[in-house]
Amino acid sequence: MDVLIIGGFLGSGKTTMLLSLAKVFTDRKLKTAIIVNESGEVGVDGATIKAEGYSATELPEGCICCTLVGTLQAALRNIKRDIDPDMLIIEPTGLALPHKVKNFVHTAMIDEDSCRIIGLADVERFDLLIEKKEEFYKMQMSAADIVLINKIDIAQPGQVEHITEWFKQNYPKKPVIPVSAKTGENMDCVYEFAFSKE
């Protein structure tokens, strides 16, 4: 079972990215499971995913990297036992630290090499996030295997270059790719990453 964790701050487009990946996986006849961690009482993301025809395990009202650790690990074991998917996509809350989620995936007896993190940067609100929450954001992106600058379809001139430069300065070894999960622009690179085993 390959596991992809989609990390990023609130509103960065994680659910849209998840749905794009899930469609590609199912189109390729891969059995796909989804875990969504809601931050509020109403499971909007889970409802959205189910409306698209996918089966989603929802872990509401809490964060899977702190208060819901046991719940996450139980869900992982149940999914492995009952569904045994080829691909599992995990969407934590926008306040989660993906590297902690990855650690919990490992302790749930899933092969370490099969779990990777996609970090999402939001073109629209990047500067505000860096201004208000830079240290948290650095922690959130620290373990990303690939960084996607999302929403390039609404980027202003120079924004993508500015964000790319920030990542190059802070994480010089991370691949950074501008994409739009909404329009599909440059998403082929993401699918290539998802199917690679490196």
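I take buried to mean under 20% relative accessible area. The model I am reading is predicted.

**Strand 6**

I looked up strand 6, residues 146-150, to see how far it is covered. Five of its five residues are buried, so the strand is largely enclosed by the rest of the structure. Next I checked the two faces. In a regular strand, side chains alternate between the two faces of the sheet. Here Ile 146, Leu 148 and Asn 150 sit on one side, and Val 147 and Ile 149 on the other. Both sides are covered.

**Its partners**

Which strands pair with strand 6? I found strand 5 (residues 115-122), running parallel and joined by five bridges. Leu 120 has Leu 148 of strand 6 as its bridge partner. From strand 5 the chain passes through helix 5 (residues 126-141) to reach strand 6, in a right-handed β-α-β crossover.

I then turned to strand 7, which pairs with strand 6 over three bridges, also in the parallel sense. Val 147 is bridged to Val 176 of strand 7. The chain goes from strand 6 through helix 6 to strand 7, and this β-α-β crossover is right-handed.

**Lys 174**

I found Lys 174 in the loop between helix 6 (159-170) and strand 7 (176-178). I did find the Lys 174 side chain reaching the backbone oxygen of Ala 144 at 2.8 Å. Beyond its neighbours within four places in sequence, Lys 174 is in contact with Met 141, Ser 142, Ala 143, Ala 144 and Val 147.

Key:
Residues are numbered from 1 along each chain as its sequence is written. This is a predicted model: local features need pLDDT of at least 70, side-chain atom pairs count only at pLDDT 80 or more; totals for chains, interfaces and linings use all residues. Side-chain values use heavy atoms; hydrogens and water are left out. Helices (H or I, at least four residues) and strands (E, at least two) are DSSP runs, numbered from the N terminus. A polar contact is a pair of N or O atoms within 3.5 Å; within protein, one must be able to donate a hydrogen and the other to accept it, and residues adjacent in sequence count only if both atoms are side-chain atoms. Contact means heavy atoms within 4.5 Å. Buried means under 20% relative accessible area, exposed over 50%, partly exposed in between (1.4 Å probe, protein chains only). Two strands pair if DSSP finds at least two bridges between them. A crossover is right-handed if, with the strands pointing away from the viewer, the path from the first strand over the helix to the second runs clockwise.
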